[in-house]
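Welcome, and thanks for taking a look at this one with us. Please keep the viewer open while you read the briefing.

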Amino acid sequence: MTIECIIICLLASGSPSSTLETSSRNLPRSRCRYVRRGLSHMERNKLQLCNGWSFKTGSRSAAVASIRCGETCANTNTSQDFPDYSSPPSKLQSLLTRAELLLSQRDTARAFDVLAEAYPLDPTSSQIASMFQSCMEINVDVVQHRFHRWRTSIGEENGGHFTEQELTNLFQDRMGLASLLIDKENYDQAGLQLRNAIEETNIWLNHALIDGRHEETNGVTVPELDTTQFKHWKPQIDHAQYLLYRTNAACCQWDTYFQDGDKLRHAFQHTTLPSGSVIRLLHPFDALKFPCVSLDLASKIARSYAYRALESVGVPVEAEFFNTEMDAALPRQVVTAVRPRTPNDNPQRKVRVGYLSPDLTSRHPLAFLMQHVFRCHDKSQFSVYTYSLSSNDGDEGPEVSAIRESSDSFADLSPSGMSPIQIYQRIMHDDLDILVDLCGYAGTSLVAEIMASRCKLQHENGGRSIQRFPIHVSYMGFPGSVGSSKVWDYSVFDKHVIPPSLRKYYAEALVYMPHCYFVNSHRTVVGGPEDGIMLANDKERIDLRKKYGIPPMAFVYCCHSRPDKIDPSTFRSWIKALCQARKEHKKRGAGHDSLPVLWLLRSGHEMEHNLRSLVRCEFGDDIEDALVFTDVTERREHLKRLGCADLFLDTPAYNAHTLGCDALYMGVPMISLLRWIDNTDGDGFADSEDGPEVASNIRSDSPKSHNRMIPTDKLASKVGASLLYATSCEEFVVHDMQAYENLMVECSINRKWFDEVRERLRASRHLSPLFDTFRWVKNLETAFLKISTLGVDDFPDIYVFEE
């Protein structure tokens, strides 16, 4: 997706910067159409969702910065984005030879044109990607030298000039180059390009705005641009800051973690909503993951994306919508729904439920988790309609087959062939009572726009419509508020992830499940020891540990979560506890091969290098030897090797959801942090474990800044606790990091107690509500039966209880 993003964004606004010219050239419109036609409706919307860029009005620099903006891009298969431009190899080779010659002459503008023509012939070519990178590297090299000459000559009588157009070219090429480097997982170099882009722009703007109000501090300041002629730079700088934070998080580069987080939060807190586009540059999913973003701000970001979805389908939304959406939805009435012991065998009419998702593929965790949910529906009371927006035609993996076979109707809706409104109208043909969105903002903007299409159809003909519309429910895909009671009517959660004190941050009505809201199919999919995934005995466990470089007799702390879920404060707490545990084991006479270790998922060599360097520098070489890394593997092997671990460590900023279910089902207890005090509308991680009065005196660049705590007020930070409560492991829910560290040590040295906990957890596979898919579906059906009887004017919160 990266290369087509760059081509589309650059051609849609002009041309790439040239090392010989500072003005843009107009490219032939036919060239723009030639390349743009390869980008599907879904992918165009993905660009807009990722970075707030519009094909009609967007700026080139904001768009180039979009690449790899989040799970939106990573979760979408792009194998069908471009049509089949079959061509004789000689034509492609001729274009590449020509581009290579132009690059050798440093004629990057014409080289880019040739590469844009070659790309659709072979979108997977690494040679084309490398040539695009060379274009931008040459541009950056030439223009940055002119910038440095200008900077050193400031104040001299015959000092040079550096125009805003030159700055624009340099900024854009650095952003594009960073995107290509991110695709190659070269995060350090990508971060360098992003940081240079920010600093160079700030230096130039500070110089341009010197009027007594903008004085440099430590060399560089961020000018207040909102009221200046340069205010168009603010969204671009803010987006670069966002990508820098995200890039560094992906490889655990934490040298400026808190400083960058403070800058990012400051940028979004000072954005006018909803007209300001800056807040849309931060994707709602990243707003949930980034601990520097408060719950209040994350809810506003989700709201801004709901606003965009309505705008995209043509709903004339007034500005008041954004500011009154929350207030209009609250307070809500509360009703209860009690699941009867015996179902109604003679319903007057079946409830027609539709499930909509782009992620019903054998590769996505959603399909793995929900594959046996649909077959548990009571078909005497419910008709199940499933709508797949996946572009993976012919995907007949076991997950997809299970979903297809257990649905009364399974429809493949091609997003490239229909607009969002057309897709919604197709769904309307099935006369649904309830439409469940299994995506939210987790994928492209398409699903949100499909759900927003109801508002468009409702408001046609002056608001007078005789059509019957389904009630909209958001579930599973997006672990947070969808931000709108106009696009979605309900979200399904539980009391642990949304306690009463945080209810006000959720615009939609809520269904509260009696146990954990997070469903899975582990009991029927993974099975027991006889199914070959669980380790059968100690010998098999020891052999598998040896395969992964784990000492056979060591106590193994494990975290196989993505690196961008780990934060420096939590990691340092893990290492402190690991040091203490190893010290206690040595006191008891344990040999080196029996000392506890920390087992982490490797995500590129830079991530491992950065973590090892931190541990070696702050804790010593001996502790660095206690780190064990493993690579990503296929799902079955992933589940099996989890049995090698003793204790899973949850990440506070964004918990282990699917992975938490995996660990608990494999009999591995998990520690999860759930703070008593939340920081819903404060400064993200601005507080300290020592209290806010101490934190107020800690600068973000202070050596003590790593003591700043990670809040757990967002829903995604509370799922781990909900999983543990549903498996009767509430003693593993801790309320501060000191308790987290203490419990880590206790588990490794009090083995009798810990072994009893593990046995209890293993027994809970067949007893706990977390792994009882049939029971979970019955509770959901209870909510759906209540929803299907409601009017359309007011939706109360629904608490589901079991008899």
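Where is the place of Q189? Q189 sits in helix 10. Please keep in mind that this is a predicted model. The protein chain has 803 residues, of which 62% count as buried, and its secondary structure amounts to 31 helices and 15 strands. Among contacts between residues at least 6 apart in sequence, 76% join residues at least 24 apart.

- Q189, in helix 10, is partly exposed, with a relative accessible area of 38%.
- Along the chain, Q189 and T247 are 58 residues apart, while their C-alpha atoms are separated by 10.0 Å.

**Helix 8 against helix 10**

- Helix 10 spans residues 187-208, and its axis comes within 12 Å of the axis of helix 8 (residues 126-152), the two crossing at roughly 35 degrees.
- The crossing of helix 8 past helix 10 is left-handed.
- On the helix 8 side, the contact is made by V140, Q144, F147, W150 and R151.
- On the helix 10 side, the partners are Q193, E200, I203, W204 and H207.
- Sorted by class, this contact of helix 8 with helix 10 has 5 nonpolar, 3 polar and 2 charged residues.

**Helix 8 against helix 9**

- Helix 8 also packs with helix 9 (residues 164-183), at an angle of about 145 degrees and with the axes 9 Å apart.
- Here too the crossing is left-handed, with helix 8 passing helix 9.
- Helix 8 brings A129, F132, Q133, M136, E137, N139, V140, V143, Q144, R146 and F147 to this contact.
- Helix 9 answers with E166, L170, D173, R174, G176, L177, L180 and L181.
- The class count for the contact of helix 8 with helix 9 is 10 nonpolar, 4 polar and 5 charged residues.

**Nonpolar cores**

- The largest nonpolar core has 181 residues, and the members that touch the most others are M370, Y475, F571, W574, L598, F732 and F784.
- Helix 14 (residues 295-312) supplies the largest share of this core, with 10 residues.
- Leaving out residues up to four places away in sequence, F571 touches W254, I566, L598, L600, L611, L614 and V615.
- Another core, of 50 residues, lies apart from the largest one, and its members include F112, I198, I237 and A240.

**Cysteines**

- How many disulfides does a search of the whole structure find? The search finds 0 disulfides.
- C516 is in no disulfide, and the nearest cysteine sulfur, that of C661, is 6.5 Å away.
- C516 counts as buried because its relative accessibility is 5%, under the 20% cut-off.
- C292 is likewise classed as buried, at 0% relative accessibility.

**G440 in its loop**

- Is G440 buried or exposed? G440 is buried, since its relative accessible area is 1%.
- This glycine belongs to the loop between strand 5 (434-437) and helix 19 (446-458).
- Setting aside neighbours within four places in sequence, G440 is in contact with V447 and F478.

- R106 is not a glycine, yet it has a positive phi of about 60 degrees.
- You will find R106 in the loop between helix 6 (89-104) and helix 7 (108-118).
- With a relative accessibility of 37%, R106 counts as partly exposed.
- S728 is not a glycine either, and its phi is positive at about 60 degrees.
- The loop that holds S728 runs between helix 28 (719-726) and strand 14 (733-734).
- S728 counts as partly exposed, at 43% relative accessibility.

Conventions: Residues are numbered from 1 along each chain as its sequence is written. This is a predicted model: local features need pLDDT of at least 70, side-chain atom pairs count only at pLDDT 80 or more; totals for chains, interfaces and linings use all residues. Side-chain values use heavy atoms; hydrogens and water are left out. Axes are lines fitted to C-alpha atoms, for helices over the stretch in contact, and angles run from 0 to 180 degrees between N-to-C directions. Helices (H or I, at least four residues) and strands (E, at least two) are DSSP runs, numbered from the N terminus. A crossing is left-handed if the near helix is turned anticlockwise from the far one by less than a right angle, and right-handed if clockwise. Contact means heavy atoms within 4.5 Å. Ala, Val, Leu, Ile, Met, Phe, Trp, Tyr, Cys and Pro count as nonpolar, Asp, Glu, Lys and Arg as charged, and the others, Gly among them, as polar. A nonpolar core is a set of buried Ala, Val, Leu, Ile, Met, Phe, Trp, Tyr and Cys residues joined through side-chain atoms within 4.5 Å. Buried means under 20% relative accessible area, exposed over 50%, partly exposed in between (1.4 Å probe, protein chains only). A disulfide is a pair of cysteine sulfur atoms within 2.5 Å.
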